[in-house]
Amino acid sequence: MNPNSVFFRASPGGTPGARATSDERVESPVEMGARLEFLARAGELLSASLDWRTVLQQLAELVVPALADWCAVDVLSDDGHVERVAAAHREREKVSLIHELSRLQPPDLVSPGSLSEVLRTGRPVVMEVVTEDTLPLLVRRAEQVDVMRRLGIHSGVVMPLQGRGRVLGAVSLVRGEEGASITASDLELVRELTRRASLSMDNALLYAEAREAQARTERLQAVTAALSRAATAKEVADVLMNEGLRATGACRGAVAEMNDEGRLHVLGSFGHSEDAARAFEGRRTGHFPVLRQAMERREAQWFSSLEDFLSVAGLPRYMLETQGLGARAILPLMTERGMRGFVALTWSVARVFPVVERRFLEALVYQGAQALERAALYGTLRERGERLHSALQVGKEAEERLFFLLEASRALAEHLDDVEWTLEHVSRVAASSVASLCLVELAGPDGALRCVAASHQDSGRNALVLSALEHEGTLPLSRECYETGEPRYLPDVGVSLRGELAMNPGHRTLLEMLGPGTLLVVPVRTRGRTLGVITLGTSAPQRPLAMADVSMMEELARRVAVALENASLYRAAQAAVRLRDEFLSVASHELKTPLTSLKLQHGLIERVLGPDSREKVAPRLATAVRQVQRLTTLVDHLLDVSRVSLGRMALEPTELDLGQAVRDAVERMEEVFTLAGCKVQLHLPGPLLGRWDALRLDQVLVNLLTNAAKYGAGRPVQVEAAGALEGMVRLSVRDEGIGISEEDLPRLFGRFERAVSDRHYGGLGLGLYISRQIVEAMGGRIEVESRQGLGSIFTVHLPRGTDVAR
Ligand code: ADP
């Protein structure tokens with residue numbers, strides 16, 4: 001199609017001023033054909049694009065110069081805004097004047113004039129003749145009249161662009177030449193053209209809307225995805241603003257959370273100054289009528305302009321003006337479970353909010369509210385998790401303290417005789433469980449503290465710590481604790497405090513090397529006296545010491561004090577026992593000399609007695625000899641006890657026959673058994689050879705036989721010896737006397753242990769003790785079976801102590 005063709009124009013001969021619709025001229029068939037062809041090609045061009053701006057520009061270029069000298073196309077947007085989107089002029093250089101017209105006075109819906117009327121009503125307006133007089137009525141400003149004159153205006157028509165029942169815009173066609181009025185057929189053609197353009201434009205709009213809807217859906221999906229990753233309220237606000245709200249074209253926005261008391265907390269904002277955002281911080285929602293309204297109505301509040309907003313904002317105009325003169329929206333962040341806060345948006349210009357945009361923003365904010373709810377839930381879960389973790393930690397620490405205290409107490413109780421080892425052990429356990437470092441320092445007689453145990457988690461440092469303390473002296477903190485008797489607890493030892501804790505460069509180096517984060521020194525006190533101090537230190541990653549550790553260490557220090565005291569008592573007792581054994585040893589040696597001499601004297605007396613005097617003296621002499629013998633036995637026992645205690649009992653094994661040894665002993669003790677009224681029966685097989693110390697073996701036999709006579713109640717005594725398996729021999733002495741109660745049995749072989757009263761039976765309670773020491777020294781064992789009132793059997797098991805044993 002040739003856009004320059006002018007053959008549709010009505011002939012200049014038409015009646016000026018006549019209404020276009022009254023044009024009576026009959027169209028020729030050629031003209032009609034050309035029109036139809038024009039329409040067909042126009043329709044084709046107009047439907048070729050899905051961009052409505054292109055469609056409208058095509059329209060303008062189609063009508064100029066075919067139907068008009070110049071043309072302007074204006075579009076009405078949803079918010080009532082009018083925009084000139086296309087223009088064409090027969091003289092191309094004048095196109096800019098058409099835009100200049102709209103710039104000088106932007107077209108709108110309310111000003112007087114044909115364009116506003118068409119946009120408002122959707123009905124075409126025909127300007128049949130425009131004269132110099134009527135021209136100022138069409139435009140409002142003097143400059144526009146000038147521009148109009150330069151463009152040329154004689155007659156014109158403004159045709160609405162319509163689609164789906166609404167006005168989309170208007171096409172203004174103007175003819176500049178006098179007499180070129182618009183005929184009815186022109187009008188029909190223009191109507192048809194604009195109808196087709198409207199259709200194309202509406203299609204393009206539908207297409208654009210569909211694309212926008214698609215873009216919104218995609219944005220919503222992106223926001224949903226980003227929100228699902230947001231774990232805190234702040235992150236939710238950031239996602240809402242950056243992924244959603246900024247894209248709405250709003251110039252300012254804010255996301256605020258509301259706490260249980262209804263106070264606001266601004267989570268994030270854009271376009272607002274920090275001060276402006278801060279002004280809302282902590283304010284009550286009820287303070288702002290617009291927020292109250294949003295809460296009461298439980299829905300978004302939309303305000304097309306500042307004027308609309310002012311009525312409910314509850315804030316002065318001057319304040320709101322600084323935020324912009326345009327539209328506002330207040331969207332409650334709300335889920336089924338309740339209100340969580342608000343989103344506030346401000347636009348720089350007034351506007352209406354199309355339904356699709358409202359739905360989009362509402363959906364966006366709903367997603368945000370749900371994410372906030374999730375974030376709050378995460379927060380609670382996180383907090384609970386942390387509480388649980390710290391409870392477990394507390395439990396673990398308590399267990400650690402308990403374990404340490406138990407282990408330390410066990411060592412303190414078990415090793416009375418080796419306090420040094422015990423303290424080292426305790427410090428080792430401390431440094432590997434509750435602390436990184438443990439020092440035990442005890443006061444010497446001069447009151448100086450001496451480090452007796454030092455342990456570090458890194459055991460390579462123990463020697464270093466010990467030698468540093470030895471050379472540089474104790475740390476002032478430990479000294480202070482020792483002198484005051486009060487614990488010293490430093491929960492947070494920083495670098496500067498570390499400097500203060502050192503008394504000399506050596507200490508400083510030591511403290512720097514150990515780098516303790518917490519330090520604790522407790523006094524070891526007993527009965528008002530401080531015996532020393534225990535120091536604990538921790539350095540990361542070891543947990544710092546807490547108040548519970550102070551109590552634990554005070555308890556440990558008490559136990560250490562008791563252990564130290566017990567150890568010193570124990571040492572004193574041991575010394576006393578040793579002294580006694582030494583005394584017994586010396587005393588029994590001293591006693592033996594006069595006894596030996598007494599025995600010799602008895603022998604001499606016996607020999608020099610004449611028959612007469614023998615008759616008179618013999619019984620008394622015999623008694624004296626017996627008593628000396630008894631005394632000798634007692635002294636021997638005492639001597640043996642001291643030998644055993646001092647570890648001086650030596651054995652001299654020789655080859656001998658146990659049967660013979662038994663016969664000899666029984667024979668020597670014949671008188672004893674006679675006096676006791678007991679018959680002795682021997683059960684001895686052939687010879688029972690072995691290597692034993694003859695004197696000691698005899699001592700055991702005599703002890704057992706003496707007891708059988710003493711406690712045998714005058715009843716028979718059986719003595720039996722026999723060989724046993726694996727190179728052993730067995731000897732038993734059985735009596736039918738008073739017997740021994742079950743509870744006394746286990747202690748009979750102890751030193752000075754007796755199971756009878758001193759009044760009825762004399763004795764030191766040493767015979768069985770010494771017998772057991774001898775038997776065990778020979779590698780054997782001794783045991784007893786007894787029933788009270790029925791008698792006892794003492795059995796000795798001995799190894800023969802020789803390879804030729806049979
Ligand atoms: P002692 O006879 O001097 O008291 P022992 O060490 O020989 O000392 O014996 C310890 C205790 O064992 C005796 O006091 C007595 O109570 C008990 N005892 C020893 N042998 C017999 C026995 N054959 N029958 C009953 N009690 C006995």
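## Strands and surface patches

In strand 14 (residues 518-526), eight of the nine residues are buried, so this strand is largely enclosed by the rest of the structure. This and everything that follows describes a predicted model.

Strand 14 has pairing partners that can be named. With strand 13 (residues 488-490) it pairs in the antiparallel sense over three bridges, and in this pairing Leu-490 stands opposite Leu-519 of strand 14. With strand 15 (residues 529-538) the pairing of strand 14 is again antiparallel and runs over nine bridges, with Val-522 standing opposite Ile-534 in strand 15. The hairpin of strand 14 and strand 15 has two residues between the strands, and Arg-527 takes a positive phi near 40 degrees there.

Seven of its seven residues are buried, so strand 6 is largely enclosed by the rest of the structure. The cover extends to both faces of strand 6, with Arg-252, Ala-254, Ala-256 and Met-258 buried on one side and Gly-253, Val-255 and Glu-257 buried on the other. Strand 6 pairs in the antiparallel sense with strand 10 (residues 338-346) over six bridges, and the bridge partner of Gly-253 in strand 10 is Leu-345. Strand 6 also pairs in the antiparallel sense with strand 7 (residues 264-270), over six bridges, where Met-258 stands opposite Leu-264 of strand 7. In the hairpin that strand 6 and strand 7 form, five residues lie between the strands, and Gly-262 takes a positive phi near 80 degrees.

The pairings are set out together here.

| Strands | Sense | Bridges |
|---|---|---|
| strand 13 and strand 14 | antiparallel | three bridges |
| strand 14 and strand 15 | antiparallel | nine bridges |
| strand 6 and strand 10 | antiparallel | six bridges |
| strand 6 and strand 7 | antiparallel | six bridges |

The surface can be considered next. Which residues form a negative surface patch? Asp-78, Asp-79, Glu-209 and Glu-212 do, and of these Glu-209 lies in helix 7 (residues 184-229). Glu-209 is partly exposed, with a relative accessible area of 36%.

A nonpolar surface patch of about 290 Å² is made by Leu-377, Tyr-378 and Leu-381. Leu-381 is found in helix 13 (residues 355-414), and with a relative accessible area of 48% Leu-381 is partly exposed.

Technical notes. Residues numbered from 1 in each chain as written. Predicted model: local features only at pLDDT ≥ 70, side-chain atom pairs only at ≥ 80, totals over all residues. Heavy atoms only, no water. Patch = residues over 30% accessible without salt bridge, like charges linked within 9 Å, V, L, I, M, F, W, Y side chains within 5 Å. Areas by Shrake-Rupley, 256 points an atom, 1.4 Å probe, with all protein chains shown as cover. Salt bridge = Lys/Arg side-chain N within 4 Å of Asp/Glu carboxyl O. Lys, Arg positive; Asp, Glu negative; His and termini not counted. Charge placed at Lys NZ, Arg CZ, Asp CG, Glu CD. Helix = DSSP H or I, 4+ residues; strand = E, 2+ residues; numbered from the N terminus. Buried < 20%, exposed > 50% of the residue type's maximum accessible area, 1.4 Å probe, protein only. Pairing = 2+ DSSP bridges.
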